[in-house]
Every structure is written in C-alpha cells, then in structure tokens.
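Trainee: I would like a close look at one part of this protein, please. Could you walk me through it slowly?

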Amino acid sequence: MDEHATPLLSKEQSSSSSSSVVTSSLKWVLKVVMSVIFVTWVVFLLMYPGTLCDQLLTNWRAVSSKTLYGTTGSMFLIFSGPILVISVLASLYLIISGEEKVFTKRKISKFPRFRLWTFPVLVDGPFGVVSAAEFLGILVFSVFFLWAIYAYTLRNLSLLELFHVLPNERSVLLLEVTGLRFGMIGLLCMVFLFLPISRGSVLLRLIDIPFEHATRYHVWLGHITMAFFTLHGLCYVVGWAIQGQLLKSLFEWKATGIAILPGVISLVAGLLMWVTSLHTTRKLYFELFFYTHQLYIVFVVFLALHVGDYLFSIVSGGIFLFILDRFLRFCQSRRTVDVISAKSLPCGTLELVLSKPPNMRYNALSFIFLQVRELSWLQWHPFSVSSSPLDGNHHVAVLIKVLGGWTAKLRDQLSNLYEAENQDQLISPQSYPKITTCVEGPYGHESPYHLGYENLVLVAGGIGITPFFAILSDILHRKRDGKPCLPSKVLVVWAIKNSDELSLLSAIDIPSICPSFSKKLNLEIHIYVTRQSEPLLEDGMVHKVVHPSVKPKQTNGCPMSVLVGTGDNIWSGLYLVVSTIGFIAMITLLDLFYINKYNIMTWWYRGLLFVVCMVASVLIFGGLVVVFWHRWGHKTGQGEANGNEKVYLNVEEPHNPSTAELKGLEIEEEDVQSYTTMCYGTRPDFREIFESLNGKWGSVDVGVIVCGPAALQATVAKEIRSHSICRSANHPLFHFNSHSFDL
C-alpha cells in the first residue's frame, strides 16, 4: 500500500523527471546545510558561558586580531554571521521552491502522530497556549539561564582569587563582575530578540511561522532580556553607591572601554518600553505602548555607544535583518492605496475593499496593517483579510469591528462620506470627506496550511470569524473551478454575544461562489448566541441586510505596493543579498581607509560607525534594489489596468442574476440554512463537539483553527490535549492552530 496518494496542489508539473530530482536534491542539500549551521550556532551560544567555549573564542580572537577586520570581525563572524548565511540560503531555498505547495492524503494510522507545532502542551498559565515545540524551546532557554548563571558564578569566584583586595572592596568587585555577567547573558538573549518581529522575515517564511505567532516569542525574549539588563545595571549602581561614586560613575563617558552614560540612556529607554509593554498597560493604553516602543531606536543606538563595535557585533545580525524589514515596510507604506468601496454592516462592523496589484500574492489567513491618515499619521492597526486570493486579482477586503477610539473615528468618517455622497452637488471639493489609506503587508503563513487537512474545524469568537470567510471562499472557489483541494468536511463553530453579529455572514455569499456546493463540500455551521435566550423576530433575515456601500473619491491613490517581504521571492532575496554584500563592503572600506589607517580606538565612536554602516548599506544598496523592484511591479501591473477598472465597476454594480440563476440560488439558500444550527443562551461544549466527530469522521487528522480571545483558545486547546491523550485507534487526531492578534 502506498503511503501517500497523488499530490493535490502544485503550481505546475515539472518538465522532466530529471529536473524534478535536481530541484528536490538541491532543496534537501540546502535544508541540511542550514540545519547544520543553525544547530552548531545555537549550541555555541548556549555553551558560551562555559570555560571551554570562552577559551575557544579567546584563541579565535588571537588568530583573527591581526586581520583587516580585527577582533570585531571575528566576533561578528561567530555570533552574527551564521544567521545572515542562513537567511541568504533560505532566500535561495524559497526561490527554488517557488509557489509550489504539495498536499497529499495521509495514510490512516492506528497510532497518534503528534506534531510538535500543533499539539498543545500547556494551555493555562502566563505563556497562554503552548505547543510541544514551543515548550521544548522554553525548556531549553530555562536550562540555558540556569547553566549560564551557574557557570558564570564559578568563573566569578575563580576570578576573585586572582585579585588581592580588601574585604570591603571584594564585595564591590563581586557586584561589578556579576553585573558584567548579567549583561552578557542579556546580549545572548538579544541575539534572538529582533528575529521574530521582522514581519516579512525570510527566516519566518522558511519555517512557516507567521508574524502574528512570532510576536509572542519577541515578548518572551523581551522580558528575559530586560530582566538581565536591569540586573546588570542594578549591580553596578549598588556597587558605585557603596563606593560613594554613584553620580560620578553614571555620567562617565570613556573614550576607551565601556561608556557608562550611553548605557544608562539605553537602559532607561529599555525600561520605559518594558513597563509600557506589560499586558495590562498594553491592553488599556495601547497608544502609550505604541509610541513608547519607538524608543527602540534610542535603545539600540546607545547600546552600540555603550559597548562599542566589538560587543555590539554579537547582536548586530538580528538587528540588521530587522532594519532590512523596517526599511522595506517604510517604502511600501508611503503609497496611498485606493479604497474601492466601504460599507457599514448592521452590527456596526466596517468593511473596506482595497485595491491591490494582480502580481501580489497572499494566502487565506493573511492580515494587513492599515493606516488612515485622516485619523492618525502614526497609528497602524492589524486586520485579518476576509477575502480569498481567488476572489479576485485586484482587491483585498477587511472587516473592522468598532472597539476603540480609532475604529470609532473611522466609522464616523465613513458616515460623513456617505452623507457627502448623497449631497455631492452641495459640498465643495475642498470640504469633501476623504479616506486616505496606507497598507503594510499582506503577511501570514507561507503555505495555505488549511488545505493540508481533509477535515477542518474552524472555531471563532465574534469578529474572529473574519479569516474563516477567506478560508471558506478559498475552498469553495477551488471546488467550483475543479482545482485540487484536500478539505472535504468543514465544521464552523462560531460564538457571538448578540444576534446582530449575524450580519457578518453577508461578507460571504456561498451560493454565488460555488453553486450546488453541498454536493462538493460537507459544510456545517454551528452558531452560538451566548447573551440571548431566544431568537429575535428579525434573526432569520439579519444576515441579508447590508447598508449601502460608498466609493471614496481617490486622491492620487493606486493599488497596494508590491514592496513586501512576503512578496516576490527573487526580489526579496536579491534585496537581502545585495544589502548584506553592501554592508560587508562598507565595513571593509571603513576599516581599510579610516579605522586602521588612522588608528581609531574610541569604543563608542567605533560603535556609532558600525551602526551607521548597517543603516547606510540598507538605504543605499537595498534602496537601489527597491527602486528596480518598484519599477518591475509597476511594469508588470500595467497589463492588468483594464481588469482593475472592471473590478471597480463590479464592486459598485453587483451582478444581477437571471431568473434561472435566482431559482438555483434560492435552493442553495435553503441548503445553507439547513446546514446552519443556531443555539441561544449557551456556549459551545467542545468536548461534546469533538466527541461527536468520532463517529462522523473516524481515525483521521483534523485541522482545528481557532481565532478569538485567549480564553477561547485555551478552552479549545485543553479539550484537544485531553482528547489526543485519551484517543483510541478509531478516533480522529486534532491538530491545534491559533490565529489571533495581540500586537
């Protein structure tokens, strides 16, 4: 019996079997090389506090100190070089892979097959829902912290034996040495700190972890990093206070060695970011968190001035990748994007349809960051994409629930726009309301993993149903067009507070996408209205009521920019490679014609020059690639201009079906209602729901995707964990995936 069936989804068939073998072999080689480099690099970082790795590094510095790059180059090569090499190889891997995504039917197994990334291990506690892979990572870092503190303590005690000092000075020396060790552990944590927040990072795309999931790793690392940096500063402050030299030492700025004042400034900036990023503060005062977090520039620059280029090179790899991503985001976000249409649903949720170029690719479960300049020039808010890539080549739709001040202002702006459209002749062009939008993204999973399961359970809470509209539309389009599509059974569980939220269902018209869908897809929709004990009279029709849409007047707008890290693999790879080569070239020229020639030894100044080279290489060399990338996107998008105009027309003037089509649609409307189950005054019982699937679906892998608040994710994950542990041979195995924002 074959273990796998024929692949169900691929971009195109290989021209010959030999080329397919070469491609697969090359991808395998790249995977092995990247894995070896990564494992070796991580092991070295974890073992660095020990005497063995310290001795190896000392010997390496002695050998490389006489080279052009000196000890700074040796530190950069060991600590930052590997992650840049992996990034370049990852770009090559993605280019070779193209957009080919292969999903196969899985052989039914009698034994559970746990997946590290989808099996929840922890569901309660400060970390939220934690998968097996994440738990292993937490365990490794915890062991590393204990090991590092133990190893450095032994080295500190050995070091004190070499100094013959008075007893009162011995305690001060111990504090300063301990503070130095805490600072080094903080730097080792900071090596990874900026990697998860590069939204279009090639590393995240390689392992298929979207930015929304990776931000939690940045939060965890940020807490640990700032804890060690705080201990680092506290040890020195106590030591200086004992010596009676606190104020003098805090304002000291040495030319050779550690400059203390820049370190104080960097630590203060870090503490402000840390305090305002705590969950309670971020939830209640998001704008305070957002604006304070821009101090990361002060934090990084003054850290470089504090430690100099030698120690800053330890963390420069991740920071360089972040600068690459940030500059590309800046270039994309400068373009104002056309709003094709905007409307307000009866429940108060807003729908915006934005123009995009046909050559911009994205998957269902993607999201964008949106800025409306009439509301704020600084605020960017994430929203899930509610449209499928197959809905059209020229638009992206998002649903926005009015929850706070920014969204309330957007609702008011749309109301003003609707009123102005009805009084178009009475309002001057200068006073006509506008909606000027800018977009970053789309971001999301590298592969459409929802297509990797024959059976799907989609669990949503409130506005969390938005990304599932994109999933359902994607599946229905594929079923309608006869494209390979693995999912055959889909269960949607949607919990809402009040029945007025049922109007969100108007965002997707299942019968018009796929007539006779019930013959191609086993779809069940269970809706739980938790705060109503019985249905209202209008509940049966509420999802069909839609407020009129408006088309804002455009002011030099255009489609979304193709300058996004998750976009074209070749251009994004070229952007990374050219910028990296440019950075190395600038460092080489700087060492050759300035630092070595004039014997520049000032630590803080060399650290500043190092940061300037990082930024300048991205602006100059990366900017050159961005210019050609932009021109390529403009040129390839011109051929679709007529189609883009057609989309505008279709949005404003929906298609009017014929009488025969209406009859067919009426039948399908009945089918949709027949597959929808309404429950009032109760919450979903996931244990009962999952148990009911045992007899229906049998021993199969089931993809469970949850989009909603943390409490909903924890509840579902807990049931999946208990169900998987107690699973028998003929029961399905559920794989947990979450999709939520807490940015």
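Trainee: By class, how many nonpolar, polar and charged residues does the lining of the largest cavity have?

Mentor: Happy to take you there, and do keep in mind that this is a predicted model. By class, the lining of the largest cavity has eight nonpolar, nine polar and two charged residues. Let us build up the picture around that count. A search of the whole structure finds eight cavities of 30 Å³ or more, and the largest cavity has a volume of about 240 Å³. In total, 19 residues line the largest cavity, and the closest to its centre are Gly-200, Ser-201, Val-202, Ser-572 and Leu-576.

Now for the helices around the largest cavity. Four of them each supply at least two residues of its lining: H4 (81-97), H7 (202-206), H14 (316-333) and H18 (569-595). The largest share, five residues, comes from H18.

Sorted by class, the lining of the second largest cavity has three nonpolar, five polar and two charged residues.

So, back to your question: for the largest cavity, the numbers to keep are eight nonpolar, nine polar and two charged residues in the lining, with H18 giving the largest share of that lining.

Note on methods:
Residues numbered from 1 in each chain as written. Predicted model: local features only at pLDDT ≥ 70, side-chain atom pairs only at ≥ 80, totals over all residues. Heavy atoms only, no water. 1 Å grid on protein atoms, 1.4 Å probe; cavity = no way out; pocket = protein on both sides within 12 Å on 5 of 7 lines; lining within 4 Å. Points joined across faces, edges and corners; volume = space filled by probe spheres on them. Helix = DSSP H or I, 4+ residues; strand = E, 2+ residues; numbered from the N terminus. Nonpolar A, V, L, I, M, F, W, Y, C, P; charged D, E, K, R; others polar.
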